[in-house]
Amino acid sequence: MPLMPMRVKHRKQQRGNRAGTAWRGASVSFGDYGLQALERDWITATQIEACRVTLSRHMKRRGKLWIRIFPDKPISGRPPETRMGKGKGNVEFWAAVVRPGNVMFEMGGVTEQLARESFRLAAAKLPIKTRFVKRK
Amino acid sequence: MAKQVQLKAKTRTETGRGPVKRLRSTGVVPGVVYGRNTKPLSVTVDIEELGDVLAHAIGGNVLVDLKVETDGKTVERLALIQEVQHHPVRDEVLHVDFREVSATEKMRTTVAVRPVGEPAGVKTGGGTLEFVVRELNVECLPKDLPDVIEINVEQLEIGQSVNVGSLTPPAGVTLLDPKERAVFTVAAPMAEEVEATAEAGPGEPEVIGEKKEEGEEGEAAADGKPAAPGKPEAGKAEAKPAAGAAPAKGAAAAAPAKGAAPAAGAKPAAAAKPEAKKK
C-alpha cells in the first residue's frame, strides 16, 4: 500500500503553490547524512517507496533511515479520452510537495561511503536533481 | 576547551531585507550582538573571516573576541556564536548571532556529544549506535567551555544506553540535563525489509466529517439507477463500489459514446450528474 494519509479533511485539493525555497526541513536533523532536493516537484508516493526500498536494500539492515517527506497531497487526473467538464477528476496518486532545499531522506549509523552510494542509487528514482548533505 | 578566536566587526545602521541584501553583496555578513546586560547591536562581519572561524570550529561552540568598531572606536566584547543561519540551497552564511558573555560569570549553553570507540553491540551484534540527544545542556565559565563532550561507548551491548548520570563532565562544567536522560543507545539491527505488497491503486483515506452513505449509494450505483437530482456527490464511499463494479446496464446506456451526440437517454443521466460521471 503506498504512503497516504489515513484521514483527510477534503478528498481533493487544488494544485497549490510550490514556489520558493524550503526554509523548513532544509537541514539534516535526525541522522548524519541526507539527500537534499535541488529542484521543485511533486514526489509521488511510488517514488518515495522506490527510494525507501533502494536505500534499505543497500543499507543491508545497518544504520537507520528517516523519510522526511510525506505524500499528503491528492493529485487528481482526468481519464484518457474524456471530455472536459463533469467535475474534477478522480484522485490518481498522492504526492509530497518538495522545494529546493528539502532534505527528503536521512541516514545514520552508517559510513559516509555507504550513505553516499545508497543516496546515489535512490536519487536515480527521483525526478529531480539532488545532492548529498552532511550534518552541520 | 572551546577555542577563542578574534573577529572584527563593524556596527551597521542598515536593517531590513533590502539593505541587508545589498550588504551581503559587498562581502559582509549581517549579525547581531546581544547579551544580558547590553542592548542588541547590529553589526557586520567579513564573510571570509567568519567562514574561516566557522570552518575551524570543532563543536558547535566558538568563543570570539569580537572587536566591534563604532565611529572609529574599537570595543572588545567576549561573545559566543549562538546561531549561524545558512541559505538552504546555496549554503552561504546569511546571518550570525553573537551572544555576549562575561568571562567571570557562569553561562548556560549546549555542547555537542561525540561517541568514542565502537560499541560491542555494533561490532558483534550488528546493532546501530543511536544518538538520543546530540547536545547536552551545560553550565560553566567561558574559559571552561568544552568543544565537545566525548563519551566512551565501547561497552554498550544491544539495548543498553549511556545516561547523563553516568557521565563525568570536564572540569568546571556542570551538566544540567536530568540524570536519567539517555545520550546514546545501541539499537537492534533493522528488521528484515518487508516488501511492499502488490501495487494497489490509490486507496481512499477517510474524509473527516463526511457522512457514510455507503449502503444506499453503493446499491444505487450497482443497479445503475440514476440518483436523485441535486444529491451531493457521495464521494469516496460511493465512488469506490461504482468504480469497482462492472458497468451496470443503466450506466452503460447513460455514458455517451465517443464523439457521438448525446443520446436522448442521456438526459436523466445528466440530472444524475454524480452517478453518470465517467470514471
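This is a predicted model: local features need pLDDT of at least 70, side-chain atom pairs count only at pLDDT 80 or more; totals for chains, interfaces and linings use all residues.
Chain A has 136 residues, of which 46% count as buried. Among the contacts in chain A with a separation of 6 or more, 80% are accounted for by residues 24 or more positions apart. The accessible surface of chain A was computed at about 7,400 Å², with 51% of this area belonging to carbon and sulfur atoms.

In chain B, T185(B) is located in strand β13, which spans residues 182-187. T185(B) has a relative accessibility of 18% and therefore counts as buried, the cut-off for this class being under 20%. When its neighbours within four places in sequence are left aside, T185(B) is in contact with T128(B), L129(B), E130(B) and V132(B), as well as with Q160(B) and S161(B). With regard to Q160(B), its backbone oxygen lies 3.3 Å from a polar atom of the T185(B) side chain.

The second residue of chain B, D144(B), is placed in a loop, namely the one between β9 (135-140) and β10 (148-152). Although D144(B) lies in this loop, its relative accessible area is 14%, so that D144(B) is likewise classed as buried. The side chain of D144(B) makes a polar contact with the side chain of K143(B), at 3.4 Å.

Key:
Residues are numbered from 1 along each chain as its sequence is written. Chains are lettered from A and ligands numbered from 1 in the order in which they are written. Side-chain values use heavy atoms; hydrogens and water are left out. Buried means under 20% relative accessible area, exposed over 50%, partly exposed in between (1.4 Å probe, protein chains only). Contact means heavy atoms within 4.5 Å. Accessible areas come from the Shrake-Rupley method with a 1.4 Å probe; for residues, only the protein chains shown count as cover. Helices (H or I, at least four residues) and strands (E, at least two) are DSSP runs, numbered from the N terminus. A polar contact is a pair of N or O atoms within 3.5 Å; within protein, one must be able to donate a hydrogen and the other to accept it, and residues adjacent in sequence count only if both atoms are side-chain atoms.
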